[in-house]
Amino acid sequence: MKRGLLIIMSGPSGVGKGTLRQMIMDDKDLNLYFSVSLTTRLPRAGEQNGVDYYYVTEEEFKEDIAKGNLLEHNYFVSHYYGTPKDKTEEMRNKGVNVLLEIDVNGAKQVMANCGEEDKPLSFFILPPSIEALEARIRGRRSETEEVIQERLGKAKREMSEAPNYTYSVVNDNLKEAADKIATLIKEEIAKNN
C-alpha cells in the first residue's frame, strides 16, 4: 500500500481556506483526512471541539510540544496552534491523504522537516485583493479592530511566501478554486500510484 500524501493548504486569515477545505473534503476520490489542529484559543460561534479544532489548555499544548507530538506549532494573537503528529502518521500509513490547513509559519516548519522523497503537496490560497480580504475578516464580526489590523498586516507579509508553495490558487470564485485544487490533488495521486 502506498503511503498517503501530505497536503498543505495555507493562506492569510479570512481567505476562505476553511470553506475550500470543506468543499474538497466532499470529493471521495481524493481519499482525504482532515488533520484537526490543536489550539489554546476559545471556540468561535458554531465551532465544535474535535471538528474545527481540539481546544486545549496551554499546559496540555506545551506537553504535546515536549513529547514531540506536533508536526508544527505557532503562537499567534495570544494563542498556540499546532498539528498533531501521531494521527497524521497513522492515517498516511493507511494510504489516506492527509490535509493540513495551517498558517505560513507552520507550513514552513512542515516543509523544512520533510525530506525530498516525502515533500508535501502545498497550496497557497490568495485573496482576489487585500480589500476583499479585509471585507471578509470584518464580515466575521468576531474580532476587535486591533486584531483585524494585526491579521491584515500578517496577511500582507504572508502573501510574499506564495512562490514557496507547489501551487498558488486565487480564491475569487469558491467553486472554481475548489475544483482547481481537487484536480491538482488527483493529478498528484495518479503520479504517486
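In what order do the five strands of the open parallel sheet stand? The order is β2-β7-β1-β8-β9, and the pairing is parallel. At the edges are β2 (32-34) and β9, each with a single partner strand, so one side of each has no neighbour in the sheet. From one strand to the next, the twist averages 25°.

This is a predicted model, in which local features need pLDDT of at least 70 and side-chain atom pairs count only at pLDDT 80 or more, while totals for chains, interfaces and linings use all residues. Residues are numbered from 1 along each chain as its sequence is written, and side-chain values use heavy atoms, with hydrogens and water left out.

Some terms apply throughout. Helices (H or I, at least four residues) and strands (E, at least two) are DSSP runs, numbered from the N terminus. Two strands pair if DSSP finds at least two bridges between them. Angles run from 0 to 180 degrees between N-to-C directions, with axes being lines fitted to C-alpha atoms, for helices over the stretch in contact.

**First selection: β8, residues 121-126**

Select strand β8 and display its side chains. Six of its six residues are buried, so β8 is largely enclosed by the rest of the structure; buried means under 20% relative accessible area, exposed over 50%, and partly exposed in between (1.4 Å probe, protein chains only). In a regular strand, side chains alternate between the two faces of the sheet. In β8, Leu121, Phe123 and Ile125 are buried on one side, and Ser122, Phe124 and Leu126 are buried on the other.

Phe124 in β8 is the bridge partner of Ser10.

Move to strand β7, where four of the five residues are buried. Four bridges in the parallel sense pair β7 with β1. Leu99 in β7 stands opposite Ile7, and Val98 in β7 is the bridge partner of Leu6. Strand β2 runs parallel to β7 and is joined to it by three bridges. Tyr33 stands opposite Val98 in β7.

Now show α1 (17-25). Helix α1 lies across β1, β2, β7 and β8 and runs at about 165° to β7.

Select β3, β4, β5 and β6. These form an open sheet in the order β4-β3-β6-β5, with mixed pairing. The edge strands are β4 (54-55) and β5, each with a single partner strand, so one side of each is left without a neighbour in the sheet. Strand β3 (residues 38-39) runs antiparallel to β6 and is joined to it by two bridges. Tyr81 in β6 is the bridge partner of Thr39.

Centre the view on Ala155, in helix α6. Is Ala155 buried or exposed? With 0% relative accessibility, Ala155 counts as buried. Apart from neighbours within four places in sequence, Ala155 is in contact with Pro12 and Leu133, contact meaning heavy atoms within 4.5 Å. The C-alpha atoms of Ala155 and Glu134, 21 residues apart along the chain, are separated by 9.7 Å.

**Final selection: the pockets**

A pocket is found on a 1 Å grid over the protein atoms alone, as an open set of points where a 1.4 Å probe fits, with protein on both sides within 12 Å along at least five of seven lines; lining residues have an atom within 4 Å of a point. Grid points are joined across faces, edges and corners, and a volume is the space filled by probe spheres set on the points.

The largest pocket holds about 910 Å³ of space. Select Lys17, Arg44, Tyr53, Glu101 and Arg140, the closest to its centre of the 33 residues that line it. Helix α1 supplies the largest share of this lining, five residues. Elements that each supply at least two lining residues include β5 (70-76), β6 (79-84), α5 (130-140) and α6 (145-159). The lining of the largest pocket has eight nonpolar, eleven polar and 14 charged residues. Here Ala, Val, Leu, Ile, Met, Phe, Trp, Tyr, Cys and Pro count as nonpolar, Asp, Glu, Lys and Arg as charged, and the others, Gly among them, as polar.

Finally, select Leu5, Glu117, Asp118, Lys119 and Glu188, which lie nearest the centre of the second largest pocket among its 15 lining residues. About 280 Å³ of space lies in the second largest pocket.
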